[in-house]
Amino acid sequence: MLDAVTQNGFLFARYAIGRFFRSDLLLLTIVATLTTIGFVALYSAGYSFPWRVDNQIRNIMIATVGMSVVAIIPIKYIKRIATPLFVIGCVLLVLTLVAGVTVKGATRWVNIGIRIQPSELMKLAVPMMLALYYHTRKDDIGNLHHLIAGMMLLFPVALILKQPDLGTSILVGLAGFAVIFFAGLSRKFIIGLGVSIVAMMPFIWNVLHDYQKERIMTLLDPTTDPLGKGFHTLQSLIAIGSGGLTGKGWMEGTQAHLDFIPERTSDFLFAVYGEEFGFVGSLVLLFLYTLLIARSFYIAAYAEDRFSRLLASAIGTIFFSYTFVNIGMVSGILPVVGVPLPFMSYGGTALLTLGVCTGLLLSISADSRR
């Protein structure tokens with residue numbers, strides 16, 4: 001009995017090690033580097049929140065375990081859970097709408113023995129489901145299939161918007177649209193969709209909540225409410241600008257250490273990083289994110305089937321969306337919507353989601369190199 005267990009353990013270890021060396025180690029190196037830089041910046045930003053530094057160590061360990069587990073699972077098994085994961089996510093979103101837990105005016109959580117946020121699940125469930133849908137269509141893909149996929153995407157996005165959670169709905173919407181786009185969306189369809197969105201702008205504006213409208217108006221001129229809605233943007237701009245060329249040095253950022261930057265360990269961590277490491281440090285960080293996104297699409301290009309290609313493309317889009325929206329809102333070119341900086345910002349759920357995304361890419365790359 002013991003010999004059998006030992007032999008099985010040896011076989012599993014050999015399988016896991018072999019799969020590890022077949023996976024994309026450059027992607028893993030980029031993610032590890034970003035996570036390390038993020039922890040260094042968060043350590044400085046969280047000087048008055050020591051428990052957050054401790055919690056982030058735990059979050060990184062959990063995300064690493066999640067990434068490792070997913071990375072050793074062949075992608076053919078991932079396909080099998082796409083549909084049930086999507087259905088469960090939609091049911092939980094409806095349950096959240098009907099009997100969810102409201103915190104600070106937002107109903108984003110549901111209690112099923114433990115409190116969970118179903119919208120986080122949909123960041124992965126939606127692109128996985130859409131990738132599987134197109135994968136089963138083989139080469140017969142037309143506008144009707146795109147319309148069906150669009151309806152599949154619109155349902156969870158509408159439920160997330162209803163919570164309300166504009167940031168997550170944007171991320172889910174972009175990830176899902178990326179799958180539809182890379183599945184072969186025609187130019188006429190894209191132009192028609194763009195015209196439709198522009199025509200719907202007045203309706204979209206009317207359905208936005210008042211605080212969402214205020215964020216957009218504040219974006220245009222944050223000085224109109226410097227101590228209220230515009231405070232976040234103005235203070236982050238001051239911090240980034242004061243960093244100069246090479247920054248003030250680690251642990252030397254005055255805007256962060258004097259408590260001028262709100263949410264400095266999470267959504268506005270880039271402001272702390274920009275102040276302490278300056279323009280040069282910010283360029284290095286942007287270069288790493290560019291490598292991360294490019295490597296994701298490289299893996300997509302060499303994936304072995306349509307499901308893997310579309311899923312990897314969606315994950316590359318997720319990385320881009322997180323990065324662009326976060327740095328855009330911290331830099332004052334986008335409204336504040338509460339999106340973390342990938343692999344850097346404090347938070348357990350978002351970091352686990354990104355870790356699983358990385359694990360999926362590693363799994364896809366390992367399968368393509370068999």
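Reader: So which residues do ring pairs link into a cluster?

Author: The cluster is made of Phe177, Phe181, Phe182 and Phe297, linked by ring pairs. Rings of Phe, Tyr and Trp (its six-membered ring) pair if their centres lie within 6.5 Å. Before going on: this is a predicted model, where local features need pLDDT of at least 70 and side-chain atom pairs count only at pLDDT 80 or more, while totals for chains, interfaces and linings use all residues. Residues are numbered from 1 along each chain as its sequence is written, and side-chain values use heavy atoms, with hydrogens and water left out.

Reader: Good to know. How many aromatic pairs are there in the whole structure?

Author: The search finds 9 aromatic pairs. One of them is Tyr43 with Trp250, which is tilted, at 5.9 Å centre to centre and 35 degrees between the planes. Planes under 30 degrees apart count as stacked, over 60 as edge-to-face and the rest as tilted.

Reader: And where do those two sit in the chain?

Author: Tyr43 is in helix H2 (residues 25-45), and Trp250 is in the loop between helix H11 (231-242) and helix H12 (254-257). They are 207 residues apart, so the pair links distant parts of the chain. Helices are DSSP runs of H or I with at least four residues, strands are runs of E with at least two, and both are numbered from the N terminus.

Reader: How accessible is Tyr43?

Author: Tyr43 counts as partly exposed, at 41% relative accessibility. Trp250 is partly exposed too, at 42%. Buried means under 20% relative accessible area, exposed over 50% and partly exposed in between, with a 1.4 Å probe and protein chains only.

Reader: Zooming out, how many helices and strands does the protein have?

Author: There are 15 helices and 3 strands.

Reader: And what share of the residues count as buried?

Author: That's 47% of the 370 residues.

Reader: Last one: what does the C-alpha trace span along its principal axes?

Author: About 65 × 55 × 45 Å.
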